[in-house]
Amino acid sequence: MRTIYFDHNATTPLDPAVREAMLPYLGEVWGNPSSVHHVGQRARAALDDARDRAARLLKSKPSEVIFTSGGTESINLALFGAARLRKPQGRHLITSAVEHHAVLHCFDSLAAKEGFEVLRLPVNLEGRVPPEVLTKALRPDTTLVSIQAANNEIGTIQPVAELGALCRQRGILFHTDAVQWFGKEPFADIHQFNADLVSICAHKFYGPKGAGLLFIRSPLLPDPILFGGGHENERRAGTENLAAIVGLVEALERFVPTPVFSRTQLSPLADRLKALILSLPETTFVGAGEHRLVNTISCLVAGVDSIALLAGLDLEGICASSGSACSAGSLSPSHVISALDVAPRLANSLVRFSLGRQNTQSEVDHLAKILPLVIHRSLPVKGTGFVG
Ligand SMILES: Cc1ncc(COP(=O)(O)O)c(C=O)c1O
């Protein structure tokens, strides 16, 4: 049975050229960049070079680039670091109802344990935060706003530049979780988001797992969340994972300026997938019409629990997801779907197909044959309550 992978928003395979670029740092260049001797200095030179390359690509200063262990850590550093730094000025924080749990759980913790008040903005039917909704929510004691660039479950793209500008006019810090944006949407430079803090993660665009970056606009210096040595401009203690960092930078250079998730290649596949979803009586498309990641097509399947459906697809070799990989396996409804105006009984029936560069028309055609069969197999047998 062939494997058909439609789950690129969960993760992507490591690109062979990126792996090649990483290999010297898993082998001959093994020193600690903080050591004073020549073995360490070789690693230091490679680390400095990686930071310079990242800064050139982002059009930032090298000191504004903080290497982390991935999206989650970048987000934690941005949110805890900025909220705590600005606590003397105010305790009101704003995010949206459709953020990744890496964002929402940071805010939950700040509210529960550190005396902050957190507002989760509602979204419209497409999953977007209209700028006027943010404007109304801002208060004199608002110090930090975090709105994602693109949603992982339904692919909705937020008007981040506008939201960021609103915050900047008022001197409020703005963070964007751009984990799903990089490699998919056009990128000119890091300032296009009008954000003080931007979280990025390599494994969503064919880089290694465990590698991320937080852009911190100078002169902002958020409080660190990891303490120890003075690494990463005193913002992130811990000996650097040089191979992962080099892989991240290589993937950034290769796959971000010209998005590796090519619109030309993926649009016809996504259109075909969307047409399939619109044609089946049980499925409803969810997400934005225009402001959507080109690779992401999500649907609700009436009467079917997504876990049963995903298991059925997997038996046919097809990998899809019910949304965030971190909540796959849990039966709790998707908070993203709950935030849209859909019937609560549908919140457990989200299925996400996220395409990548190796997907083909014939794979989508194969899905078109299999999906109706799997849906029918997943429908509960009438009267028993069992899922057949
Ligand atoms: C929008 C978004 N933010 C943050 C993350 C967290 O990234 P990681 O699990 O790589 O730390 C993900 C991962 O799925 C994501 O999709």
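**Interface between the domains**

I looked up the interface first: domain 1 and domain 2 bury about 2,800 Å² between them, with 55% of that area given by carbon and sulfur atoms; buried area here is the accessible area (1.4 Å probe) that two parts lose on being put together, summed over both. I note that the model is predicted, that local features need pLDDT of at least 70 and side-chain atom pairs pLDDT 80 or more, and that totals for chains, interfaces and linings use all residues. I also note that residues are numbered from 1 along each chain as its sequence is written, and that side-chain values use heavy atoms, with hydrogens and water left out.

The division I worked with puts 4–12 + 260–378 in domain 1 and 16–255 in domain 2, the bounds coming from an automatic or database domain assignment. I found 35 residues of domain 1 and 32 residues of domain 2 in the contact, where contact means heavy atoms within 4.5 Å. The C-alpha centres of the two domains are 27 Å apart.

I then listed polar contacts across the interface, and the rule gives 24 residue pairs, both residues at pLDDT 80 or more; a polar contact is a pair of N or O atoms within 3.5 Å, and within protein one atom must be able to donate a hydrogen and the other to accept it, while residues adjacent in sequence count only if both atoms are side-chain atoms. On the domain 1 side, the elements giving two or more residues are β10 (296–301), α11 (335–339) and β12 (350–354), and α11 gives the most, with four residues. Helices (H or I, at least four residues) and strands (E, at least two) are DSSP runs, numbered from the N terminus.

**Salt bridges**

I counted 17 salt bridges by the rule, which asks for a side-chain nitrogen of Lys or Arg within 4 Å of a carboxyl oxygen of Asp or Glu. One salt bridge is found across the interface of domain 1 and domain 2. For E185 and R263, which form a salt bridge, I read 3.2 Å between the closest N and O atoms.

I also looked up R51 and E232, whose side chains meet in a salt bridge at 2.8 Å, N to O. R51 lies in helix α2 (residues 38–58) and E232 in helix α7 (residues 231–234), so this pair ties together parts 181 residues apart in sequence.

**Ligand surroundings**

Around the ligand I listed G71, T72, I75, H100, N152, D177, V179, Q180, C201, H203 and K204, each with a heavy atom within 4 Å of the ligand. Distances from a polar side-chain atom to a ligand oxygen atom are 2.8 Å for Q180 and 2.6 Å for K204. For H203, I read 2.7 Å between a side-chain N or O atom and an oxygen atom of the ligand.

**Backbone checks**

I checked the peptide bond joining S218 and P219, which is cis with omega about 10 degrees; P219 is placed in the loop between β8 (212–216) and α7. Y206, although not a glycine, has a positive phi of about 70 degrees, and I placed Y206 in the loop between β7 (197–201) and β8.
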